Amino acid sequence: MKLHADMKKNHRKVTEDHDKYVELYTKAREERHSIETKMRNLKVLVYKNYKIRLK
């Protein structure tokens, strides 16, 4: 019984760690997407105003 209880406890800890990882990954991905969108908008503005294509 003790082994089963320990396994349940470890599984719960792993699940909590995984949830934290998923949350951090999602947050980082959203930030990266936001930055990429802003960069794209700036490139469009530069092209429209100065006819210069940025990479």
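Predicted model: local features only at pLDDT ≥ 70, side-chain atom pairs only at ≥ 80, totals over all residues.

Residues are numbered from 1 along each chain as its sequence is written, and side-chain values use heavy atoms, with hydrogens and water left out.

A pair of aromatic rings is described by the distance of the centres and the angle of the planes. The structure holds 1 aromatic pair (rings of Phe, Tyr and Trp, the last by its six-membered ring, with centres within 6.5 Å; planes under 30 degrees apart count as stacked, over 60 as edge-to-face and the rest as tilted). Tyrosine 21 and tyrosine 25 form this stacked pair, with 6.3 Å centre to centre and 20° between the planes. The two tyrosines are separated by about one helical turn because they are 4 residues apart in helix α1 (residues 2-50); helices are DSSP runs of H or I with at least four residues, numbered from the N terminus. Tyrosine 21 is exposed at 52% relative accessibility, whereas tyrosine 25 is partly exposed at 42% (buried is under 20% relative accessible area, exposed over 50%, partly exposed in between, with a 1.4 Å probe and protein chains only).

Over the ring of tyrosine 47 sits the charged end of lysine 51, 5.7 Å from the ring centre. The charged end of arginine 53 also sits over the ring of tyrosine 47, 4.3 Å from its centre. The criterion is NZ of Lys or CZ of Arg within 6 Å of the ring centre and within 35 degrees of the ring normal.

Leucine 45 lies in helix α1 and is partly exposed, at 49% relative accessibility.
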